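I opened my notebook on a structure that is new to me. Here is what I looked up, entry by entry.

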Amino acid sequence: MGFGDLKTPAGLKVLNEFLADKSYVEGFVPSQADIAVFDALSGTPSADLCHALRWYNHIKSYQKEKGSLPGVKKPLSQYGPAGVEDTTAAAPAVADEDDDDIDLFGSDEEEDEQTKKIKEERLAAYNAKKLQIACVVEDDKVGTDQLEELITAFEDYVQSMDVAAFNKI
C-alpha cells in the first residue's frame, strides 16, 4: 500500500490515478490523511495530472485549518492503493531515550528568584483587578441566593461570585 515516492513522476502518476474517482485520500471530508500526502509532495503537480492538481489546490485551501482536520496522521505508506510498493525514504529511527529525563509537570525544577518575582507580580496584578462589594442583606426581603443569581446574570462582566463574609440580619 502506498503511492511510492511522491517526489518522482511515477509516484505522482499513482496519486493522480488514485484520485481519479476520489475527492480525498481517505473518506469524504478533508482529513489528516490528505495533509500527510500533501506535505509529502515537493510542489504543485503538473497540469497533465489533472486529478492530483485538483486535489492539491483543494487541500492547499485548508492549510490554515490543517491542525484541526479530523483523523490521525499515519505514515505515508499507510495511504494509497494496495499493491504499490512504498519507495519513500524511511524516517530515521529515533533512539530509545530514558523517560526519566522528561518532567511533564516541572515539579523537580527549583524556582529561581526571577521566576518567583514574576509570579508574585502577576498575582498582585490579578488581585488588584478583583472587585469586592459589601452589602447588608435582610433575609426577610431578599435571599442571598436571589442576590447571587442577579449578580451572576451579568455574564459579560462577572465570571464567578464568592461570599467573603456573611452577616445575617
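What share of the 169 residues in the protein is buried? I found that buried residues make up 21% of them; buried means under 20% relative accessible area, exposed over 50%, and partly exposed in between, with a 1.4 Å probe and protein chains only.

A note on what I am reading: this is a predicted model, where local features need pLDDT of at least 70, side-chain atom pairs count only at pLDDT 80 or more, and totals for chains, interfaces and linings use all residues. Residues are numbered from 1 along each chain as its sequence is written, and side-chain values use heavy atoms, with hydrogens and water left out.

Next I looked at the fold. I see five helices and zero strands, taken as DSSP runs numbered from the N terminus (helices are H or I with at least four residues, strands are E with at least two).

Then I turned to salt bridges, each a side-chain nitrogen of Lys or Arg within 4 Å of a carboxyl oxygen of Asp or Glu. I counted three.

Lys22 pairs with Asp21 at 3.3 Å, N to O. Asp21 is exposed at 61%, while Lys22 is partly exposed at 32%.

Lys74 meets Glu26 at 3.5 Å. Lys74 sits in the loop between H3 and H4 and Glu26 in the loop between helix H1 (9-18) and helix H2 (32-40), so this pair ties together parts 48 residues apart in sequence.

Asp39 meets Lys73 at 3.2 Å. Asp39 lies in helix H2 and Lys73 in the loop between H3 and H4, so here the tied parts are 34 residues apart in sequence.
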